[in-house]
Amino acid sequence: MDAAAKEAGVARFLREYHPQAAQADGGHPALRGCDEVAWSEIPGCPAAIPAVLRGLLDPGAAPEAQRVLTNVLMDNVFQMSAAMPTALPFLLRLVAEPRVPVRSELLDILLVAAELSRPVDSGDEHAVLIFGCDADHPEREQCRAVFAEHASLLTRLPTGLISAADRACLEQAAGLL
């Protein structure tokens, strides 16, 4: 998905959901600092991401906010966007919050980020062909650093929400395994 399509998706979300998303709790602890991020300076990232993040807290807007955010955070099936490392702290805190309407869907985004943040063996031509070289994708290492910095949030995820295999995937991304 290119930057124009991501921007159009966010603009459509704002037209359809902005009044109710804007009323969602912008002061929620999980979103602390999201308005201070210079989102528009991240390549391919729309500036209105804070409104989309707030939309995740509103039961009516949350499913569409989650879909739009996923499209912004992924460049394609095998590559995260440059915005993923910046969004990860907010996603980790939202997944740790039991009252978030799309909590399990956000967990899926975290799991994809954890899988795609694994280093790619430069000697494995097949993996390099699919995922690209680590040198060309600094977001992988940046995501691992975010997972490590927020590893304590992983302990707050209840067993009913996350399987042992998924927990291990996140813990590995955080450098705990």
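## Ground rules

Residues are numbered from 1 along each chain as its sequence is written, and side-chain values use heavy atoms, with hydrogens and water left out. Because the model is predicted, local features need pLDDT of at least 70 and side-chain atom pairs count only at pLDDT 80 or more, while totals for chains, interfaces and linings use all residues.

## The nonpolar core

The largest nonpolar core has 55 residues. Such a core is a set of buried Ala, Val, Leu, Ile, Met, Phe, Trp, Tyr and Cys residues joined through side-chain atoms within 4.5 Å. Buried means under 20% relative accessible area, exposed over 50%, and partly exposed in between (1.4 Å probe, protein chains only). Leu53, Met84, Leu106, Phe147 and Leu170 have the most contacts inside this core.

Several helices give two or more residues to the core: H1 (3-23), H2 (49-55), H3 (62-73), H4 (84-95), H5 (103-116), H7 (138-149), H8 (151-154) and H9 (164-173). Helices (H or I, at least four residues) and strands (E, at least two) are DSSP runs, numbered from the N terminus.

Phe147 is found in helix H7. Its relative accessibility is 1%, so Phe147 counts as buried. Contact means heavy atoms within 4.5 Å. Leaving aside neighbours within four places in sequence, Phe147 is in contact with Leu88, Leu92, Leu110, Ala113, Ala114, Ser117, Leu170, Ala173 and Ala174. Phe147 and Leu110 are 37 residues apart along the chain, and their C-alpha atoms are separated by 9.4 Å.

Leu170 has its own set of partners. Not counting residues up to four places away in sequence, Leu170 touches Leu107, Leu110, Leu111, Ala114, Phe147, Leu154, Leu157 and Ile162.

## Aromatic pairs

The count comes to 3 aromatic pairs. Rings of Phe, Tyr and Trp (its six-membered ring) pair if their centres lie within 6.5 Å; planes under 30 degrees apart count as stacked, over 60 as edge-to-face and the rest as tilted. Phe13 and Tyr17 form a stacked pair, 5.3 Å centre to centre with 25° between the planes. They sit 4 residues apart in helix H1, so about one helical turn separates them. Phe13 is buried, at a relative accessible area of 0%.

Trp39 and Phe90 have ring centres 6.1 Å apart and planes at 50°, so this pair is tilted.

## H3 against H5

The axes of H3 and H5 come within 11 Å and cross at roughly 10°. Axes are lines fitted to C-alpha atoms, for helices over the stretch in contact, and angles run from 0 to 180 degrees between N-to-C directions. H3 and H5 are therefore roughly parallel to each other (angles under 35 degrees count as roughly parallel, over 145 as roughly antiparallel, 65 to 115 as roughly perpendicular and the rest as oblique). Gln66, Thr70 and Leu73 in H3 meet Glu105, Leu106 and Ile109 in H5.

## A buried Glu and an exposed Ser

Glu64 is found in helix H3. At 15% relative accessibility, Glu64 is buried. Apart from residues up to four places away in sequence, Glu64 touches Arg12, Phe13 and Tyr17.

Ser122 lies in the loop between H5 and helix H6 (125-131). At 64% relative accessibility, Ser122 is exposed. Ser122 and Asp134 are 12 residues apart in sequence and 7.9 Å apart in space, C-alpha to C-alpha.
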